Amino acid sequence: MSLPRAPMPLLLALLAFTVLVGRAMQSAAQETVTLESLLKEMIDRDHLARFPSPAYTCRQASSYDRDTVAPDQPGWFANWDRSQFIRVEENAGRREHVMLDVEGPGAVVRIWGTWHGPRGGPFSNGTMRVYLDQSPQPAIEGPIADLISGGALVPPPLSDSVSPESPYERRGHNLYLPIPYAKHCKITYESDKVVDVGGKQGEALYYQINYRTYEPSTKVGSFARRQLQGLLPLVNEVGARLLHSGVANVDQLQANDVSVRLPPGDEQSLSLDGPAAIRQVTCRLVAEDLPQALRSTVAQIEFDGERTAWCPLGDFFGTGHRLCPYQTWYTKVAEDGTMKAFWVMPFQKSCTISVRNLGDQEVELADAVVHTGPWSWDDRSLHFHAAWRQYTKVETGPNKDQAAKGAFDVNYVEVSGKGQYVGDTLTVFNGIAAWWGEGDEKIFLDGESFPSHIGTGTEDYYGYAWCRPEFFQAPFHAQPTGSGNLTSGLTVNNRYRSLDALPFAKSIKFDMELWHWRSTLVNYAPTTFWYARPGAKSNVGPDPATAALPVPRKRSDIVDVVEVPGAIEGEELKIVEKTGGKTQVQASETWQWSGDQQLWWIDAKPGDRLVLEFPSESAGTHRVIADLTKAKDYGIVRLSINGRPVENSIDRYATEVSHEPVELGRFPLNRGANRLEIEIVGANEQAIKRHMFGLDYLKLEKAE
């Protein structure tokens with residue numbers, strides 16, 4: 001059974017609007033590229049769906065480790081990706097480190113950076129300068145943090161930092177203000193401290209700069225800072241539009257209802273006539289097991305007789321196999337579970353959208369609508385593509401000290417044809433409490449022997465930094481969940497492109513280093529989005545068997561771990577109160593903790609308290625058993641349960657690391673939430689006085 005073919009209404013107003021837009025774009029192609037035209041292009045959703053005119057290439061300058069020279073030579077996975085510059089030059093008595101030096105005509109379209117000071121000290125916020133067209137005077141000059149994310153040039157979201165809960169120097173900083181130039185662009189950094197250029201004392205500066213280079217005949221009006229005041233209304237409008245996320249005239253578009261119930265194995269389709277363009281896709285999945293439905297319900301799209309998209313719905317909407325509310329310029333997931341995508345998807349003659357349920361439960365597509373509108377198909381028009389692949393239970397690098405020996409390149413996608421790459425979603429289920437994303441992107445365009453895009457870390461590519469786990473959202477990058485960054489679990493990273501889209505005339509190859517700090521297993525699933533002329537091919541095809549696999553919910557779903565029946569894992573307990581020190585999940589296969597993890601309390605002092613909440617399935621008196629770690633730097637603790645103290649203090653000093661179940665006694669428990677209080681009271685005289693405490697698990701046994 002198929003959903004009906006939906007005719008395209010000939011709305012005169014929209015047709016007239018489309019003709020005007022088309023003429024405006026053709027006219028713009030002949031006019032000078034300016035700051036104003038680039039700002040307008042940033043919020044023109046149609047521009048990605050046509051091959052660029054005037055044509056340009058997009059490249060990246062970054063602080064990647066210069067020992068990276070070729071796949072067959074040592075250093076391909078070199079990782080000193082900081083404070084690496086083109087050169088150092090004297091300029092008016094200043095020592096300036098050159099970050100970018102390129103001929104025009106062109107435009108800088110994205111600057112990302114992060115930093116830290118000497119040996120963890122404060123960053124000096126050195127001076128960034130942007131020189132245009134060989135002028136000895138910088139067009140932009142100021143403290144680098146202020147310029148990139150401090151609002152000195154433009155307000156958010158064009159200038160902003162992410163991971164707001166982390167210290168400023170531990171964030172990713174992003175500037176999306178376009179900086180056009182007619183002939184030449186040079187960007188430098190000056191600091192009054194010694195810059196760290198290979199292990200020496202000083203600051204560490206990580207940076208990425210994406211820039212366009214237009215064809216030589218293209219006229220470009222160079223940026224001048226005074227332009228910003230006159231264009232402030234447009235800057236504010238662009239910022240507001242980018243934050244709004246939705247399609248402005250959606251009520252004027254043709255609404256094609258695709259709501260349907262899908263029994264296991266069922267597939268439903270919608271057919272559309274062209275020329276036209278999909279402009280918004282909306283749906284809400286309803287299923288008893290929603291995480292599984294997000295992965296095993298897949299969409300396939302055929303444009304003009306070619307299959308161009310095959311993707312699980314959760315990954316297509318950038319939320320992976322966990323529903324995580326967030327929004328960007330191209331995607332949105334609402335609190336009620338409604339998912340939207342705003343990619344423009346044109347076609348000349350026909351379109352068929354199919355949704356298939358690969359799972360073993362019924363899935364409902366509720367409130368599902370495909371909105372379409374007119375499109376004038378021409379020789380620059382491009383089909384939308386989306387491809388998903390998962391590397392399942394991939395073995396990662398051996399250990400932190402030898403991580404480079406365990407790193408390897410993972411292919412996101414390879415495409416042959418003509419088009420432009422516009423973004424990706426990466427879903428990772430991490431098998432251990434350690435950082436998985438130390439690797440750098442390597443993007444080869446049109447047969448390059450060395451990637452013109454090589455980065456400084458996976459999280460840097462996605463707009464954040466320092467493997468931070470905090471939620472963030474911005475128009476062109478987001479982390480709907482980072483719960484798997486530093487612990488075992490799920491992480492979803494999105495990066496979408498506008499002015500920094502990557503045109504290719506013949507091909508693109510996108511690899512990402514998979515460099516994990518520890519040996520473990522991970523599920524690593526990139527979804528890639530690009531546009532291409534008819535006939536383009538990719539190396540990623542449908543993979544229903546993998547999409548139908550059970551999605552991992554906990555660490556033991558992808559790695560073998562010690563499991564203690566009935567254990568209430570310490571690392572999963574809610575922290576109610578903490579008067580000092582730090583808590584974290586410590587993971588190790590060495591010590592044979594249940595789940596290979598424990599709750600670890602460190603840097604506390606005598607008198608500090610930690611209060612945890614643990615559940616009981618029944619009320620009444622229970623024997624309470626705690627599996628507690630001991631080592632030479634662990635302290636003496638006093639425990640109490642629901643306000644009743646354990647009879648004796650517990651000394652966890654030992655010469656070697658080990659753990660064992662400790663009988664705490666019999667206590668009356670509530671059905672539901674109960675409290676375990678830990679107080680540091682001192683340390684063994686032989687102990688290293690760090691007063692650590694580790695809880696592997698609790699066990700409750702109903703007393704007779």
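**Exercise 1. Work out how strand β5 is joined to β6, and how many bridges do it.**

Step 1: Find β5 at residues 127–132. Strands here are DSSP runs of E with at least two residues, and helices are runs of H or I with at least four, numbered from the N terminus.

Step 2: Count the links: four bridges join β5 to β6, and the two run antiparallel. Two strands pair if DSSP finds at least two bridges between them.

Step 3: Look across the pair, where Thr127 stands opposite Pro143 in β6.

Step 4: Check the loop between β5 and β6, where you'll find Asp133. Its phi is near 55°, a positive value in a residue other than glycine.

A quick word on the model before going on. It is predicted, so local features need pLDDT of at least 70 and side-chain atom pairs count only at pLDDT 80 or more, while totals for chains, interfaces and linings use all residues. Residues are numbered from 1 along each chain as its sequence is written, and side-chain values use heavy atoms, with hydrogens and water left out.

**Exercise 2. Describe how helix α2 packs against helix α5.**

Step 1: Take α2 (residues 35–42) and α5 (residues 232–244); their axes come within 10 Å and cross at roughly 15°. (Axes are lines fitted to C-alpha atoms, for helices over the stretch in contact, and angles run from 0 to 180 degrees between N-to-C directions.)

Step 2: That angle makes α2 roughly parallel to α5, a label for angles under 35 degrees.

Step 3: List who meets whom: Glu36, Leu39, Lys40 and Met42 in α2 meet Leu234, Val235, Val238 and Leu242 in α5. Contact means heavy atoms within 4.5 Å.

Conventions
Parallel < 35°, antiparallel > 145°, perpendicular 65-115°, else oblique.
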